[in-house]
Amino acid sequence: DTMVNQIAAGEVIERPASVVKELVENALDAGATRIEVTTAGGGLNLIRVIDDGSGIPADELPLAIARHCTSKLADDIHDIRSLGFRGEALPSIGAVARLSIRSRARGANDGSEIAVVGGEISRPHPAPANPGTMVEVRDLFFATPARLKFMKGERAETSAVTDVVRRIAVAFPAVRFTLSGSDRTRLDLPAETGDAEGTLRRLARVLGEEFPANALEVEAEREGVRLAAQVSIPSFTRANALQQYAYVNGRPVRDRQIAMAIRAAYQDVLPRDRHAVAALFLTLDPALVDVNVHPAKADVRFRDPGLVRGLIIGAIRQALAGAGI
Ligand code: ADP
Ligand code: MG
């Protein structure tokens with residue numbers, strides 16, 4: 001039902017960056033080792049995501065775009081969102097854009113393609129394809145002009161897309177990511193090893209090659225909550241907090257409490273208008289945190305917010321003190 005899907009789309013798909021987030025997460029869930037993202041017009045004209053993952057068998061293509069159809073288990077490690085939003089992304093995108101999916105399943109000789117335009121689903125037909133999946137989204141929000149009016153212009157949408165890909169890429173160093181626009185390549189992140197070393201190299205690519213030399217290592221644990229972080233020394237700062245990346249159980253989050261804890265840790269060594277560059281990884285029992293309270297947001301709700309805040313502030317201050325700062 002197009003109307004229901006358009007309403008759902010309002011929840012899941014806020015802007016081009018939300019489409020990119022959903023498509024890249026699907027590619028990761030499919031076990032991709034290479035993910036290529038292309039956009040035009042800030043993603044409003046075109047978003048294309050190509051992966052080399054498991055692909056979708058021809059007879060399952062119609063299911064992939066049916067509401068609440070998911071091939072994923074509730075305890076899938078990459079996709080721990082609440083069940084309520086499962087199987088919503090592709091139908092939501094199909095309700096507000098021109099969506100096409102071309103895929104070739106592992107082991108299949110041929111590919112096939114299906115298209116959805118304003119909620120109308122075409123019959124799948126054979127199409128040449130490499131193993132993996134290519135999803136194209138054209139004319140985002142053409143079916144919902146009111147939403148289109150809220151878009152901030154090509155530059156702002158493009159940087160939101162870039163930001164989303166960067167944040168996800170840091171969590172998956174072993175996956176090669178490229179992001180290109182109509183103009184020039186904006187990201188080319190080669191596959192690294194999947195360990196801490198690889199994460200450091202990926203961070204250098206994303207936050208700047210000078211970052212590791214200007215970063216302090218932070219490690220701490222309290223009551224089962226583990227923190228590993230790389231935080232910049234006070235001379236390596238930015239005018240905004242955009243280069244602070246936070247992860248909870250391997251999932252990128254944008255969370256006010258974490259940002260405020262970082263700010264508090266630097267309170268005595270940084271002026272108010274400067275922000276540390278930081279990558280911060282929290283690991284804890286999934287039962288003690290609710291990630292993705294809402295599909296389009298990346299809020300987290302900790303069972304014990306004070307514990308997490310204290311852990312972050314204490315560990316960063318200790319690292320700064322250890323470096324004589
Ligand atoms: P969800 O990810 O919550 O299952 P989606 O609407 O994002 O819901 O995707 C629906 C289904 O389509 C997925 O469960 C998966 O089976 C299939 N799918 C989507 N994208 C891909 C992809 N890139 N590779 C393989 N399968 C995919
Ligand atoms: Mg999905």
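In strand S14, Val253 is the bridge partner of Ala246. Helices (H or I, at least four residues) and strands (E, at least two) are DSSP runs, numbered from the N terminus. S13 and S14 form a hairpin with 2 residues between them. In its turn, Asn249 has a positive phi of about 50°.

This is a predicted model, in which local features need pLDDT of at least 70, side-chain atom pairs count only at pLDDT 80 or more, and totals for chains, interfaces and linings use all residues. Residues are numbered from 1 along each chain as its sequence is written, while chains are lettered from A and ligands numbered from 1 in the order in which they are written. For the complex, the predictor gives an ipTM of 0.99 and a pTM of 0.93.

S13 also has a parallel partner. This is strand S16 (residues 278–283), joined to S13 over 5 bridges. Here Tyr247 has Phe281 as its bridge partner. A residue is buried if 20 or more other C-beta atoms lie within 10 Å of its own, exposed if 12 or fewer, and partly exposed in between, with C-beta atoms placed from the backbone. Both faces of S13 are covered. Gln244, Ala246 and Val248 are buried on one side, and Tyr245 and Tyr247 on the other.

The overall fold comes next. The protein chain contains 9 helices and 18 strands. It is divided into domain 1 (2–189) and domain 2 (208–322); such bounds come from an automatic or database domain assignment. The C-alpha centres of the two domains lie 29 Å apart. Along its principal axes, the C-alpha trace spans about 65 × 45 × 40 Å. The radius of gyration of the chain is 20 Å, which agrees with the value near 20 Å for a compact globule of 325 residues. This radius is taken over C-alpha atoms, and the globule rule is 2.2 Å times the number of residues to the power 0.38. Buried residues make up 42% of the chain. Of the contacts with a separation of 6 or more, 68% are between residues 24 or more positions apart. Two residues are in contact if their C-beta atoms, placed from the backbone, lie within 7 Å.

The largest nonpolar core has 90 residues. Such a core is a set of buried Ala, Val, Leu, Ile, Met, Phe, Trp, Tyr and Cys residues joined through C-beta atoms within 7 Å. Val20, Ile93, Val165 and Ile312 have the most contacts inside this core. Helix H9 (residues 305–322) supplies its largest share, 7 residues. At least three residues come from each of domain 1 and domain 2. Val165 touches Val20, Val24, Val37, Phe177, Leu179 and Leu187, not counting residues up to four places away in sequence. In soluble globular proteins, nonpolar side chains tend to be buried together.

Strand S3 (residues 98–104) has 5 of its 7 residues buried, so it is largely enclosed by the rest of the structure. Antiparallel pairing links S3 to strand S4 (residues 111–117) over 6 bridges. Ser103 stands opposite Ser112 in S4. The hairpin of S3 and S4 has 6 residues between the strands, and Gly107 there takes a positive phi near 90°. S3 also runs antiparallel to strand S7 (residues 132–138), with 7 bridges joining them. In S7, Ser103 has Thr133 as its bridge partner.

The loop between S7 and helix H5 (145–148) holds Asp139. Phe141 is found in this loop too. Phi of Asp139 is near 50°, a positive value in a residue other than glycine. For Phe141, phi is also positive, near 70°. Most residues other than glycine have a negative phi. Asp139 counts as partly exposed because it has 17 C-beta neighbours inside 10 Å. Phe141 has 19 such neighbours and therefore counts as partly exposed.

How values were computed
Two strands pair if DSSP finds at least two bridges between them.
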